[in-house]
Amino acid sequence: MTRKLASVFTIVAIIATLAQGCATMTGGPTPPEFQPLMGAWERSGGYSLVISGTGYSGVRYWNGSREVNVERASFAKKDNGALQIVVTLRDAGYPGSRYTLELAPDGRELIGTYFHAPSGNSFPVRFSPKK
């Protein structure tokens, strides 16, 4: 009987974990530690990133006036305390391209890399708050 009970507890724990992940993915409340990432950001060349929540639906990206589909966005607080966002794009010309960005210690920039999937190249990038 204890073996069955342990199995039930394991299943309940898995379901609870999945439910918590789904709440974040669907735009549940933004955890307070990620508030500094929220806002409109821009980088040279007319690229814009707007972060309004921690679910993928809370992140939008533009190349000039053209909105590019965001496939996925993930947020993390790294061991060193830095806030990180990874944005994966899925659109014509962007199949699997990805930004990996960290909030600068002074909170004034998102700094990281852009991986351009079609070419396999990565580039250093910086986003500043949009004016």
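**Entry 1: confidence**

Where pLDDT is low, the predicted coordinates should not be read in detail.

I reminded myself that this is a predicted model, in which local features need a pLDDT of at least 70 and side-chain atom pairs count only at pLDDT 80 or more, while totals for chains, interfaces and linings use all residues. I also wrote down that residues are numbered from 1 along each chain as its sequence is written, and that side-chain values use heavy atoms, with hydrogens and water left out.

**Entry 2: the whole chain**

I listed the elements and found one helix and nine strands, where helices (H or I, at least four residues) and strands (E, at least two) are DSSP runs numbered from the N terminus. Read from the N terminus on, the order is α-β-β-β-β-β-β-β-β-β.

I looked up burial next, taking buried as under 20% relative accessible area, exposed as over 50% and partly exposed as in between, with a 1.4 Å probe and protein chains only. Of the 131 residues in the chain, 30% are buried. The chain exposes about 8100 Å², of which carbon and sulfur atoms supply 58%; accessible areas come from the Shrake-Rupley method with a 1.4 Å probe, and for residues only the protein chains shown count as cover. Among contacts between residues at least 6 apart in sequence, I noted that 32% join residues at least 24 apart.

How do E6 and E7 pair, in the parallel or the antiparallel sense? I found them antiparallel, over five bridges, and I kept in mind that two strands pair if DSSP finds at least two bridges between them. Thr88, which lies in E6, stands opposite Arg98 in E7. Because its relative accessibility is 9%, Thr88 counts as buried. Leaving out residues up to four places away in sequence, Thr88 touches Val70, Glu71, Arg72, Gly96, Ser97 and Arg98.

Val86 is also found in E6, which covers residues 83–89, and counts as buried at 17% relative accessibility. Apart from neighbours within four places in sequence, the contacts of Val86 are Arg72, Ala73, Ser74, Arg98, Tyr99 and Thr100.

On the other pairing of E7, I noted six bridges to strand E8 (residues 110–116), with the two strands antiparallel. Glu102 stands opposite Ile111 in E8. E7 and E8 form a hairpin with six residues between them, and Gly107 in the turn has a positive phi of about 75°. I sorted the residues of E7 by face, and found Tyr99, Leu101 and Leu103 on the covered one, with Arg98, Thr100 and Glu102 on the uncovered one.

**Entry 3: aromatic rings**

A pair of aromatic rings is described by the distance of the centres and the angle of the planes. Rings of Phe, Tyr and Trp (its six-membered ring) pair if their centres lie within 6.5 Å, and planes under 30 degrees apart count as stacked, over 60 as edge-to-face and the rest as tilted. How many aromatic pairs does a search of the whole structure find? I counted six.

One of them is Tyr61 with Tyr94, edge-to-face at 6.4 Å centre to centre and 75° between the planes. Tyr61 lies in strand E3 (residues 59–63) and Tyr94 in the loop between E6 and strand E7 (98–103), so this pair ties together parts that are 33 residues apart in sequence. Tyr61 is buried at a relative accessible area of 0%, and Tyr94 is buried at 9%.

I then looked up Tyr99 and Phe127, whose ring centres are 5.3 Å apart with planes at 75°, so that this pair is edge-to-face. Tyr99 is buried with a relative accessible area of 0%, and Phe127 is buried with 0%.

Ring pairs link Tyr47, Tyr61, Tyr94, Tyr99, Tyr114 and Phe127 into a cluster. Lastly I noted that the charged end of Arg43 sits over the ring of Tyr47, 4.1 Å from its centre, where a charge sits over a ring if NZ of Lys or CZ of Arg is within 6 Å of the ring centre and within 35 degrees of the ring normal.

Conventions:
Contact = heavy atoms within 4.5 Å.
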